[in-house]
Amino acid sequence: MKNKLLLIAIITLFILSCNKDKTIINPEDLEIDKKIKVNPNIKEDTAFKFLNTLPETYNFLDEVIPNARKTSNVHFNYGKDVEPAEHYYSVNNKTDALKKGNDSLIISIGTADGYSGNGVNLIIKDNVFRSIYYRFIDVSSYDDKKPKNIILSQDLILDKLNYRVDDSIYGHISFKSQYINERSDTIIVVAKGHFRAKVREGEF
């Protein structure tokens with residue numbers, strides 16, 4: 001049994017794999033930068049050296065890996081006039097990377113405790129990407145409404161473009177999103193920071 005954070009990522013990846021010939025970018029996001037920047041030396045960034053000093057943070061029902069080091073310092077913030085900012089000590093989030101064959105790669109950065117969670121999914125296909133913020137709670141009275149995510153800005157740096165299962169991935173994300181929840185409340189969400197993970201086979 002997997003936690004809800006991974007379930008969200010797996011469902012997203014499954015939908016993408018069933019629509020190989022369709023673009024993953026919504027028409028409303030055409031003005032958003034979707035290109036992935038490549039920096040083979042990003043793994044040498046000081047942020048990763050700091051993460052090496054910290055134990056991994058696990059989400060509810062995650063398999064605990066002995067001596068695993070921290071995978072993310074991506075910092076989330078919310079408000080009306082917020083801008084993305086990285087904080088080395090923002091270490092509550094965990095990174096997972098899932099791949100199905102040679103199809104899409106999804107990088108999920110977030111946290112979940114079994115009752116609620118939030119984070120961002122980075123969906124990569126054909127060397128372009130889209131960031132999708134998500135959040136969930138166990139109890140909801142608005143099941144008939146789906147939240148909406150509108151990308152305002154996004155920037156993704158990876159150590160390379162193509163990954164295989166069991167590869168290590170290193171990256172940096174900065175994004176800003178307008179999130180409209182099930183109650184039609186609108187919030188601005190920003191996130192910025194470094195992340196890393198080992199690519200695993202998507203589980204369906």
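**Ile188**

I started with Ile188 and found it in strand β9, which spans residues 186-201. This is a predicted model, so I kept its confidence scores in mind for later. Buried or exposed, I wondered about Ile188? Its relative accessibility is 15%, and because buried means under 20%, Ile188 counts as buried.

Next I looked up which residues Ile188 touches, leaving aside neighbours within four places in sequence. I noted Asn77, Tyr78, Gly79, Lys80 and Val82, then Leu152, and also Lys176, Ser177 and Gln178. I followed up on Leu152: it sits 36 residues from Ile188 along the chain, and their C-alpha atoms are separated by 9.3 Å.

**Ser108**

I moved on to Ser108, which I placed in strand β4, residues 105-112. Ser108 has 1% relative accessibility, so I put it down as buried. What does the side chain of Ser108 pair with? I found a polar contact of 2.9 Å to the side chain of Asn121.

**Confidence**

Last, I checked pLDDT. The chain averages 79, and 75% of the residues score at least 70. Among the elements, strand β1 (residues 36-38) has the highest mean, 96, while helix α1 (residues 4-17) has the lowest, 46.

Over residues 1-8 the pLDDT stays under 50, and the model has 22 contacts beyond four places in sequence for them. Residues 13-30 are also below 50, and I counted 31 contacts in the model for that stretch beyond near neighbours in sequence.

Technical notes
Residues are numbered from 1 along each chain as its sequence is written. This is a predicted model: local features need pLDDT of at least 70, side-chain atom pairs count only at pLDDT 80 or more; totals for chains, interfaces and linings use all residues. Side-chain values use heavy atoms; hydrogens and water are left out. Helices (H or I, at least four residues) and strands (E, at least two) are DSSP runs, numbered from the N terminus. Buried means under 20% relative accessible area, exposed over 50%, partly exposed in between (1.4 Å probe, protein chains only). A polar contact is a pair of N or O atoms within 3.5 Å; within protein, one must be able to donate a hydrogen and the other to accept it, and residues adjacent in sequence count only if both atoms are side-chain atoms. Contact means heavy atoms within 4.5 Å. pLDDT is the predictor's confidence in each residue, from 0 to 100.
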